[in-house]
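Please brief me on how this protein model is held together. I would like the helix faces, the aromatic pairs and the salt bridges, in short points.

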Amino acid sequence: MINRRTLAKALGLGTGAAAASLTGLQSLASAASGPTDSPAPGGAPAPTPPAVTHTDFGPLKHIKAGVLDIGYAEVGPAHGPVVLCLHGWPYDIHSYVDVAPLLADQGYRVIVPYLRGHGTTRFLSRRTPRTAEQSAVALDIIALMDALKIDKVVLAGFDWGSRTADIVAALWPERVKCLVSTGGYLITDVKAQQEPAAAAVEHKWWYQWYFATERGKKAMENVDERIALCRYVWTLVSPTWDFDDATFARTAEAFRNPDYAAIVLYNYRWRIGLIETEPRYRRHEALLAARPPIQVPTITLDPALDPFTPPGDGSAYRDHFTGPYEHRTLPGIGHNLPQEAPSAFTQAVVDADHL
């Protein structure tokens with residue numbers, strides 16, 4: 001989830017896709033997801049979004065990329081402009097189960113990969129350290145693009161996915177057409193993480209401290225206990241999302257990955273300085289420690305009911321985005337924005353392409 005210290009811390013359409021009007025996209029989104037997942041006028045809380053209308057992606061694909069065999073969903077025309085949608089924790093590719101077909105209908109080729117340690121993604125070698133520095137996850141995405149022979153993509157994400165997308169956009173801007181980042185600038189400042197935050201802020205990150213203990217480690221290493229923990233997190237960070245058992249169960253299958261506990265524990269322990277960066281990632285982490293700006297066209301999204309959204313309508317991270325930029329707040333929406341508000345998220349992707 002997002003950076004504790006800051007609390008705030010895609011997107012090229014081809015000719016055919018660009019020809020679709022925004023009005024047409026909104027009509028399509030309403031038909032697929034209902035009209036209630038967009039922000040209500042006047043800042044009033046949005047009604048609770050309807051249940052998802054799609055339940056799966058169909059058969060998944062696999063490709064060897066870097067240190068991983070990456071499992072991913074692919075939707076849309078094979079030669080369409082590519083959108084990479086990146087999920088967070090504790091979520092999986094089903095956060096985009098409604099977004100992907102909406103984008104595909106606009107001519108996009110949509111790719112939604114399982115991040116390392118999730119779902120059907122596996123390490124190629126038993127000898128590869130199960131680390132999860134922020135740059136390691138970003139390099140997985142670069143390796144995926146290389147393996148698929150994709151030169152440039154639209155990047156869209158939330159939570160771990162936003163952080164990963166931000167890093168790729170900052171360090172490899174030539175590979176990114178534009179960006180949709182939920183929560184804003186999420187690149188982790190490990191040094192800043194060593195300083196205490198306000199008590200109310202620390203309280204929101206209870207699971208981060210839990211994972212730093214032996215008790216939390218044991219809970220994560222027990223499949224049933226970690227699934228129960230993840231479901232509880234869903235209820236806390238998306239207070240108005242009335243998801244059903246089947247919706248959670250589809251995603252919870254991704255938590256059964258044999259490397260899931262190791263990856264999640266490493267990521268959160270690394271963020272607060274309990275684990276040293278692996279030597280292979282030190283160069284990239286040094287670059288990220290400088291808080292590099294993001295120059296590609298960007299739309300940042302803040303779901304208003306997300307407990308990690310900072311006050312100030314994006315002002316906390318505005319200076320990190322130096323290219324064409326727009327910020328949107330979504331009233332009545334929680335942390336899992338693309339699944340709670342698929343048409344609003346889809347609209348942001350299309351609009352970012354035209355910045």
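The points below go through helices, rings and charged pairs in turn.

This is a predicted model, so local features need pLDDT of at least 70 and side-chain atom pairs count only at pLDDT 80 or more, while totals for chains, interfaces and linings use all residues. Residues are numbered from 1 along each chain as its sequence is written, and side-chain values use heavy atoms, with hydrogens and water left out.

**Terms for the helices**

- Buried means under 20% relative accessible area, exposed means over 50%, and partly exposed lies in between (1.4 Å probe, protein chains only).
- Helices (H or I, at least four residues) and strands (E, at least two) are DSSP runs, numbered from the N terminus.

**Helix faces**

- Helix 8 spans residues 214-221, and its buried residues are Gly216, Ala219 and Met220.
- These residues cover an arc of only 95° around the axis, which puts them on the same side of helix 8.
- The arc is taken from the directions that run from the helix axis to the C-beta atoms.
- The buried residues of helix 8 pack against helix 7 (206-211), helix 9 (223-237) and helix 11 (260-271).
- Contact here means heavy atoms within 4.5 Å.
- In helix 10 (residues 245-252), the buried residues are Thr247, Phe248, Thr251 and Ala252.
- Seen down the axis, the buried residues of helix 10 fall within an arc of 130°, so they line one face of the helix.
- Helix 9 and helix 13 (337-340) are among the parts that cover the buried residues of helix 10.

**Aromatic pairs**

- Rings of Phe, Tyr and Trp (its six-membered ring) pair if their centres lie within 6.5 Å; planes under 30 degrees apart count as stacked, over 60 as edge-to-face and the rest as tilted.
- By this rule there are 26 aromatic pairs.
- One of them joins tryptophan 206 and tyrosine 210, a tilted pair with 6.4 Å centre to centre and 35° between the planes.
- Tryptophan 206 and tyrosine 210 are four residues apart in helix 7, so about one helical turn separates them.
- An α-helix has 3.6 residues a turn, so residues three or four places apart point the same way.
- Tryptophan 206 is partly exposed at 30% relative accessible area, and tyrosine 210 is partly exposed at 26%.
- Ring pairs also link residues into a cluster, whose members include Trp89, Trp160, Trp206, Tyr210 and Phe308.

**Salt bridges**

- A salt bridge is a side-chain nitrogen of Lys or Arg within 4 Å of a carboxyl oxygen of Asp or Glu.
- By this rule the model has 11 salt bridges.
- Lysine 61 and glutamate 74 form one of them, at 3.2 Å from N to O.
- Lysine 61 lies in strand 1 (residues 61-65) and glutamate 74 in strand 2 (residues 68-75), so the pair ties together parts 13 residues apart in sequence.
- Lysine 61 is partly exposed, with 38% relative accessible area.
- A salt-bridge network links Lys61, Glu74 and Arg109.
- Lysine 177 and aspartate 353 meet in a salt bridge of 2.9 Å, N to O.
- This pair links distant parts of the chain, 176 residues apart: lysine 177 is in strand 7 (residues 176-182) and aspartate 353 is in helix 14 (residues 342-353).
- Lysine 177 is partly exposed at 33% relative accessibility, whereas aspartate 353 is buried at 11%.
- Lysine 217 pairs with glutamate 221, and their closest N and O atoms are 2.8 Å apart.
- Both lysine 217 and glutamate 221 lie in helix 8, four residues or about one turn apart.
- Lysine 217 is partly exposed at 25% relative accessibility, and glutamate 221 is partly exposed at 45%.
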